Amino acid sequence: LPPGQGSVRRCLCRQAIIACTLLVALAVVPAFAQKESLLVGPGDLVHVLVYDTPEMEQVVRVNDAGVIALAYIGEIKVSELTPAAAGRLIEKALVDKNVMKRPQVTFTVDQYATQNVSVMGQVQTPGVYPITTSLPVLKVLSLANGLTDLADRNIVIERHSDPSQRVSYFLSNNGNDAFARSVLVYPGDTVLVSKAGLVYVLGDVGRPGGYPISTNNAQMTVLQAIAMAGSANKTSQSSNVRLIRRDSHGQRNDTVVPLAAMEKGRQPDITLEPDDVLYVPFSWMKNVAMSASTIAGQTGSAAIYLAK
């Protein structure tokens with residue numbers, strides 16, 4: 001541009017920037033739309049319309065293989081496609097088979113067969129809930145009225161499109177982490193909330209019983225478990241606590257845990273595993289020799305204390 005027309009130059013630059021931004025947006029939007037759209041699946045009832053050709057209108061159901069059979073075309077696979085993508089695929093088939101030169105196909109789903117999500121396990125109201133699009137896992141859990149007190153916070157989502165694909169999600173007690181790491185649940189998926197592992201604290205403690213591992217990081221240590229059980233009583237042998245744990249072969253291993261030294265910081269704390277048993281012996285005057293099998297047998301009648 002000639003000198004003196006700087007304002008025109010700036011205007012043209014702004015227009016160029018806007019045009020580039022629109023092009024980028026148009027390129028990105030389809031990718032997100034593809035991810036968010038409800039895909040065609042087996043059992044769906046679909047409606048195919050061809051512009052200005054009413055005789056080609058068809059309503060068919062997608063079979064178990066994800067295929068529909070259309071007049072003039074034959075069989076065509078539409079499962080795992082968005083309705084818009086399925087319409088473009090049918091347009092291409094009409095052209096390839098020399099049925100039409102420039103077809104305009106409208107593909108819609110009249111009835112979704114995969115519009116439910118199953119929420120199972122440790123939720124307040126397990127069941128099947130209707131959804132029409134992908135939802136964050138937190139919203140899906142709210143449909144089932146949230147978790148129970150015995151719920152494991154490691155949640156597993158099985159994908160409807162590929163049952164072998166399982167997505168794990170940890171529902172943190174920290175709200176920011178729970179939202180930041182949220183994953184999407186799609187229609188037809190199954191959400192499973194398992195039961196949290198229990199740690200048993202028996203013997204001379206304030207509240208002997210079983211305690212779910214429901215801490216913020218889904219881990220529990222010896223000191224945490226003892227604290228939840230109301231601490232060891234003054235009459236206990238806190239220097240001779242026993243940890244009873246099954247190994248990979250199902251055998252019980254009996255290990256002495258120096259609780260008194262742990263409480264004073266002289267020994268490192270120990271992370272517990274589900275079904276571990278901590279036994280706090282009574283004083284020498286009250287103590288009765290007990291085997292690991294006898295102690296472990298008491299877990300069957302132990303009261304289960306829920307986190308409040």
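Figure 1. Helices (H or I, at least four residues) and strands (E, at least two) are DSSP runs, numbered from the N terminus. Please keep in mind that this is a predicted model, in which local features need pLDDT of at least 70, side-chain atom pairs count only at pLDDT 80 or more, and totals for chains, interfaces and linings use all residues. Residues are numbered from 1 along each chain as its sequence is written, and side-chain values use heavy atoms, with hydrogens and water left out.

**Figure 2. D189 and R159 form a salt bridge between two loops.** An N to O distance of 2.7 Å brings their side chains together. D189 belongs to the loop between β11 (184-185) and β12 (190-195), and R159 to the loop between β9 (151-158) and β10 (166-170), so the pair ties together parts that are 30 residues apart in sequence. Buried stands for under 20% relative accessible area, exposed for over 50%, and partly exposed for the range in between (1.4 Å probe, protein chains only).

**Figure 3. R245 and D276 meet in a salt bridge.** The N to O distance is 2.7 Å. R245 lies in strand β15 (residues 241-246) and D276 in the loop between α6 (259-263) and β17 (277-280), which links distant parts of the chain, 31 residues apart. R245 is partly exposed, with a relative accessible area of 23%, whereas D276 is buried at 1%. Salt bridges with shared partners connect R245, E273 and D276 into one network.

**Figure 4. The whole chain gives the setting for these views.** The protein chain holds 7 helices and 17 strands, and 36% of its 308 residues are buried. Counting contacts (heavy atoms within 4.5 Å) between residues at least 6 apart in sequence, 59% join residues at least 24 apart. Across the whole structure, a search finds 6 salt bridges.

Terms used. A salt bridge is a side-chain nitrogen of Lys or Arg within 4 Å of a carboxyl oxygen of Asp or Glu.
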